[in-house]
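Visitor: I am new to this structure and would like a short tour. Please show it to me before I ask anything.

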Amino acid sequence: MNASDFAKYLQRMIAITDTGLTFTKDPFDRERYEDLRSLLSEMLNQGLDIDSEEVVKVMKPISTYATPLMDVRAWIVEDEKVCLVRGKGEDSWALPGGFGEVGYSPTENILKEIEEETGFTAKVERLLAVFDTNRFQLQSKQYAKFVFECQLLDGQFQENQEIADLQFFAIDQLPALSEKRITKEQMEILWQVYKGQREQYID
């Protein structure tokens with residue numbers, strides 16, 4: 001079994017365990033699920049290249065049915081160059097955006113993220129793609145990554161708590177990317193959809 005398959009099996013077992021703990025009323029079943037969680041935590045520590053802090057986050061019990069999470073990203077193009085941001089203390093770049101927050105729709109989430117990270121207000125033009133992170137950047141949790149084409153309106157970039165820099169890059173001159181957030185393959189797909197060279201992409 002390769003590392004990718006191993007990670008997917010662990011991811012699925014964690015989801016099943018969380019769902020079992022949420023809905024079981026049998027104390028013996030609860031004990032079994034808790035034991036299984038402990039074993040999965042140990043397997044995560046030993047079998048995947050993730051730090052102990054991330055393991056704690058992954059294994060934090062939830063009280064709802066386990067489902068994929070939501071990530072939203074903004075595709076902003078000016079003068080045939082794509083907007084990327086660099087987080088504080090990081091050397092790699094990504095599309096503006098982040099995790100979806102409860103209480104906001106996907107489009108409300110991305111407009112909120114754009115303003116927080118770039119200092120600009122913006123408007124959403126269209127949905128370019130929905131990526132399954134298990135296909136492109138397998139990690140401890142599975143995300144549905146919504147990428148919206150957006151247009152900047154008013155504002156000015158200033159370094160903030162999250163973002164150290166904002167720049168526009170030609171698609172064939174991309175810097176090092178934060179691959180947990182966006183990969184080169186995803187960027188190329190998005191460029192093709194944006195230019196009308198392929199249909200909207202949905203995993």
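Guide: Arg 126 stands opposite Glu 149 in E7. This is a predicted model, in which local features need pLDDT of at least 70 and side-chain atom pairs count only at pLDDT 80 or more, while totals for chains, interfaces and linings use all residues. Residues are numbered from 1 along each chain as its sequence is written, and side-chain values use heavy atoms, leaving out hydrogens and water.

Visitor: In which sense do strand E6 and E7 pair?

Guide: Strands (E) are DSSP runs of at least two residues and helices (H or I) of at least four, numbered from the N terminus. Two strands pair if DSSP finds at least two bridges between them. E6 covers residues 120-132, and over 10 bridges its pairing with E7 is antiparallel.

Visitor: Over how many bridges do strand E1 and strand E7 pair?

Guide: E1 spans residues 69-75 and E7 spans residues 143-155. Arg 73 stands opposite Val 147 in E7. The sense of the E1 and E7 pairing is parallel, and the count is 7 bridges.

Visitor: Is Ser 178 buried or exposed?

Guide: Ser 178 sits in the loop between strand E8 (163-169) and helix H6 (184-194). Buried means under 20% relative accessible area, exposed over 50%, and partly exposed in between, using a 1.4 Å probe and protein chains only. Because its relative accessibility is 8%, Ser 178 counts as buried.

Visitor: Where does Tyr 9 lie?

Guide: Tyr 9 has a relative accessible area of 49%, so Tyr 9 is partly exposed. The element that holds Tyr 9, residues 3-23, is helix H1.
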